[in-house]
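Subject: Structure handover

Hello,

Here is the structure for you to look over. My notes follow below it.

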Amino acid sequence: MTTSKAENGRNLKEAIIEGLIWFSGISAILIIALIFIFLLKEGAPAFVNVPISSLLGRRWYPIEDLFGLLPLLIGSLLVTVGAVVIAVPLGLITAVYLGEFAPTWQRELLKPLIEVLAGIPSIVLGFLGWVVLAPLVQNMGASTGLTAFTGALILAYMSLPTIISITEDALYAVPNEYRDGALAIGATQWQTIWRVVLPAARSGIVIAVMLGIGRAIGETMAVMMVTGNAANIPSWRTGLFFQPVRTMTATIAAEMGEVAQGSVHYSVLFGIGIVLFLITFAINSLATRFVSGGDGRATRRRAQL
Amino acid sequence: MENKIEVRQFNFYYGDFQALIDLNVPIRANQITALIGPSGCGKSTFLRSLNRMNDTISIARAEGEVLLDGKNIYDADVDVVDLRHRVGMVFQRPNPFPQSIYNNVAFGPRVLGTAKGSSLDDVVVESLKGAALWEEVQDKLYEPAQALNPGQQQRLCIARAIAVQPEVILMDEPCSALDPVATLRVEDLMRQLSKNYTIVIVTHNMQQAARASDWTGFFWLGRLVEFGKTGDLFTNPQEELTESYITGRQG
C-alpha cells in the first residue's frame with residue numbers, strides 16, 4: 001500500500017497535535033510533582049533535625065528553638081472549622097433560595113453580584129475585618145477583637161460566593177422532570193427540594209463545599225490581619241473561638257522574610273507547607289471519593305434504614 | 001355511568017394566548033380515556049390542568065370548572081398537594097429519581113406519611129407488582145433506578161404513582177420513548193389498572209388510542225372537536241375534521 005503525499009501531511013499534523021496535547025497533560029502533572037519535590041527538599045530537614053516530639057509540642061517559639069506546630073494546627077483548624085460551620089449552611093440555603101424559590105429577575109440580579117464578591121481582594125476584606133468586625137467581636141465580650149472567630153467570619157464571607165455559585169449551578173443542572181415527578185405525587189415544594197433535588201445535586205454540592213473549604217484553609221492575608229497572630233493554644237475556659245490564634249499560612253507568610261535560608265527555622269516553615277499540602281490533598285481525595293464512588297452505596301444505606 | 005371528572009366550560013391561557021377553548025369533557029370512572037390530536041392542540045395542557053401541574057407556570061391562568069367527584073379543583077380552598085395525591089401523573093419521558101428503585105416507589109408514601117417500616121416495604125412490593133415490574137426488579141431493589149431500561153423505568157414511574165393510591169392517573173404520552181414491546185406491556189398494564197383507577201392518557205399514536213382506550217377525545221387548536229366511545233369515534237366519526245385526522249389526511 002502506498003500513502004499519498006496529502007495523507008502523509010495529515011498524519012504528521014495529527015501526530016503534532018497529539019504530541020502537544022500529551023505535553024500539556026503531562027506538564028500539569030510534572031509541575032505538581034516538582035512543587036512537591038521542592039517542598040520536600042526544603043522541608044524534609046525539619047523532620048530530621050527537629051524531633052517529632054518537639055514538633056508536636058505546644059509552644060511555637062522559634063527564637064528559643066521551640067517548634068511546636070500544635071498551636072498553628074489548632075489555629076488553622078479553629079478558623080477553618082468556624083468558617084465552614086458558618087458558610088456551608090448559609091451558602092446552601094442561599095443557593096436553594098436562588099435556584100428554587102427566587103423569581104427570575106432576582107436570580108439574574110443576585111447571581112452575578114454574588115460572583116463579583118468572589119473577586120474582592122482578600123486584603124480588602126482584611127481591612128474590613130480589622131476596622132468593622134474586630135470592634136464588633138470585642139463588644140461581644142472578647143478580650144480583643146482579633147480572634148479566631150473574627151478570622152472565621154472573614155473566611156466564611158470569602159468562601160460564600162464559591163459555595164453559593166457552584167451549588168446553584170448544581171441545582172440548576174437537576175432536570176425539571178425530577179421536580180415535576182415529585183410534585184405530581186403530592187410532595188410539597190420543600191419535600192421536593194429536600195428529598196429529590198438536593199440528593200440529585202449532591203456531587204455538585206460536595207464540590208462546592210470542598211472548594212469553599214479549600215479557599216478557607218489556604219487563605220493567608222485576611223486571616224493574618226484579623227486573627228491576632230498569637231501562637232497560643234486557646235483554652236476552653238475563656239471561649240475557644242474568642243482568643244487570638246495564628247494559622248499555619250499566616251506563620252509562613254509572617255516569618256519567611258526574616259529567617260536565614262537553610263536554617264532549622266527555615267526548613268520548619270517549609271515543613272508547615274508540607275503539612276498544608278497534605279491536608280488539602282487529603283480533603284481533595286476525600287471529596288473525589290465521595291463524589292464518584294459514594295452514590296450507590298449511600299443510596300443503599302439510606303434505603304436499608 | 002359515573003363521571004369521575006367533569007370538565008365544564010374550561011378555558012386556559014398562557015399569558016394572552018388561549019390554549020384551551022370552552023372545553024366540556026366527561027371522564028368516566030374506572031375507564032381509560034384517550035386524548036388525541038396533533039402537536040400543539042392543547043391535549044397535554046388539558047391533561048396538566050387536571051392535577052394543576054400548570055400552576056408551576058407563572059403566566060398560566062385557568063377559567064371554568066374541573067369537578068373531581070363534584071368538587072371544583074380550582075376552588076380557593078382546594079389544597080393542591082392533596083389534589084395531586086388523588087390525581088397522579090406519569091410523564092412522557094420516564095423520570096425516575098436518581099435514587100434506588102426502592103426509594104423511588106417509597107417516595108410518595110414517605111412524603112405523605114402514609115406508610116413506614118415494614119408496611120412501607122409492603123406498599124413498595126405491592127406497587128411494583130401492580131406495575132408489572134416486581135418479577136424483574138425483586139433482586140435489585142437497592143440498585144439505582146437509572147440502571148433499568150426505559151420501558152422498566154416507565155413502569156417504575158407508574159409504580160411510584162400508584163404507591164400513594166391515587167384515584168386518577170394521568171399519562172402524558174407514556175409510551176413515546178418506548179419500543180413496541182415495552183409499549184404493549186404498558187398498555188396491558190393500563191388495562192389492568194383501569195379496574196381500580198380512572199386513567200386519562202394523552203397519545204400521539206392513534207393505534208394506541210384505538211387499542212387501549214374506552215373513550216376518546218379529539219382535540220384541534222385548543223377545542224374538543226369530538227368525544228365518544230373509542231370504537232364509535234374511530235369507525236364512525238361524526239365530524240369531518242376527526243375523520244380526516246384519524247385517516248391521516250390532516251394533522
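Buried area, as used here, is the accessible area (1.4 Å probe) that two parts lose on being put together, summed over both. This is a predicted model, so local features need pLDDT of at least 70, side-chain atom pairs count only at pLDDT 80 or more, and totals for chains, interfaces and linings use all residues. Residues are numbered from 1 along each chain as its sequence is written, chains are lettered from A and ligands numbered from 1 in the order in which they are written, and side-chain values use heavy atoms, with hydrogens and water left out.

Domains of chain A

Chain A splits into domain 1 (1–49) and domain 2 (52–304). Those bounds come from an automatic or database domain assignment. The centres of the two domains, taken over C-alpha atoms, are 33 Å apart. Together domain 1 and domain 2 of chain A bury about 1000 Å², with 85% of that on carbon and sulfur atoms. Leu39(A), Glu42(A) and Phe47(A) supply 51% of the area on the domain 1 side, more than any other three residues. Ten residues of domain 1 are in contact (heavy atoms within 4.5 Å) with ten residues of domain 2.

A salt bridge here is a side-chain nitrogen of Lys or Arg within 4 Å of a carboxyl oxygen of Asp or Glu. One residue pair is in polar contact across the interface, both at pLDDT 80 or more. The domain 1 side divides into eight nonpolar residues, one polar and one charged. For those classes, Ala, Val, Leu, Ile, Met, Phe, Trp, Tyr, Cys and Pro count as nonpolar, Asp, Glu, Lys and Arg as charged, and the others, Gly among them, as polar.

Glu42(A) deserves a look. Glu42(A) sits in helix α1 (residues 5–49) of chain A. Helices (H or I, at least four residues) and strands (E, at least two) are DSSP runs, numbered from the N terminus. Glu42(A) is buried, at 13% relative accessible area. Buried means under 20%, exposed over 50%, partly exposed in between (1.4 Å probe, protein chains only). The side chain of Glu42(A) makes a polar contact with the side chain of Tyr266(A), at 2.8 Å. A polar contact is a pair of N or O atoms within 3.5 Å; within protein, one must be able to donate a hydrogen and the other to accept it, and residues adjacent in sequence count only if both atoms are side-chain atoms. Not counting residues up to four places away in sequence, Glu42(A) touches Tyr266(A), Ser267(A) and Phe270(A).

Chain B against chain A

The chains bury about 2100 Å² between them, 63% of it on carbon and sulfur atoms. Chain B brings 29 residues to the contact and chain A brings 20 residues. Phe107(B), Val111(B) and Tyr142(B) supply 24% of the area that chain B buries against chain A, more than any other three residues.

Two salt bridges cross between the chains. Glu177(A) pairs with Arg93(B), the closest N and O atoms being 3.4 Å apart. Asp180(A) pairs with Arg48(B) at 3.9 Å, N to O. Asp180(A) is in helix α7 of chain A and Arg48(B) in helix α1 (residues 43–49) of chain B, so the pair joins two chains. Asp180(A) counts as buried at 17% relative accessibility, and Arg48(B) does at 16%.

Eight of the ten residues of α7 (residues 176–185) of chain A are buried, so this helix is largely enclosed by the rest of the structure. Just after α7(A), Gly186(A) takes a positive phi of about 105°.

Other salt bridges

The whole structure has 20 salt bridges over all chains. Arg246(A) and Glu255(A) meet at 2.4 Å, N to O. Both are buried. Arg86(B) and Glu167(B) meet at 2.9 Å, N to O. This pair links distant parts of the chain, 81 residues apart.

Positive phi in chain B

Most residues other than glycine have a negative phi. Asn30(B) has a positive phi of about 55°, and is partly exposed at 37% relative accessible area. Leu221(B) has a positive phi of about 50°, and is exposed at 62%.

Best wishes
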